[in-house]
Amino acid sequence: MIKINKREARKLFDEGKSFYMCAHKLRPEYSVFIQENARDEISNFDILVRQFKYYNCDYERGYYPAFYIEEN
């Protein structure tokens, strides 16, 4: 997997493309897959990130999300 920044993840979300998100201290293998149809359920990238941080980020796993895409 290739790590991307938040701006690139936002662009993928707006384009309806897939990416992965996990707490920054975890390895990418433990990430959550954000599918193409996520935009149908959550219309705002910031809300998606805020919900992910609330449920998945803490002292042990990391305080903010890291974003990844599949290698081609």
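I call a residue buried under 20% relative accessible area, exposed over 50% and partly exposed in between, with a 1.4 Å probe and protein chains only. By that rule, Tyr-64 is partly exposed, because its relative accessible area is 44%.

Ground rules first. I am working on a predicted model, where local features need pLDDT of at least 70, side-chain atom pairs count only at pLDDT 80 or more, and totals for chains, interfaces and linings use all residues. Residues are numbered from 1 along each chain as its sequence is written, and side-chain values use heavy atoms, leaving out hydrogens and water.

I placed Tyr-64 in the loop between helix 3 (45-56) and strand 4 (65-69); helices (H or I, at least four residues) and strands (E, at least two) are DSSP runs, numbered from the N terminus. Tyr-59 is in the loop between helix 3 and strand 4, and it counts as exposed at 61% relative accessibility.

**Helix 3**

Which residues of helix 3 are buried? I noted Phe-45, Leu-48, Val-49 and Phe-52. They cover an arc of only 95° around the axis, so they sit on the same side of helix 3; the arc is taken from the directions from the helix axis to the C-beta atoms. Arg-50, Tyr-54 and Tyr-55 are exposed on the face turned away from that buried side.

**Strand 2**

I checked strand 2 (residues 19-23) and found five of its five residues buried. Strand 2 runs antiparallel to strand 3 (residues 32-34), with three bridges, and antiparallel to strand 4, with four; pairing requires at least two DSSP bridges between the strands. Tyr-20 has Phe-33 as its bridge partner in strand 3 and stands opposite Tyr-68 in strand 4.

**Salt bridges**

I counted four salt bridges, each a side-chain nitrogen of Lys or Arg within 4 Å of a carboxyl oxygen of Asp or Glu. One of them joins Asp-46 to Arg-10, with the closest N and O atoms 3.0 Å apart. Asp-46 lies in helix 3 and Arg-10 in helix 1 (residues 6-15), so this pair ties together parts 36 residues apart in sequence.
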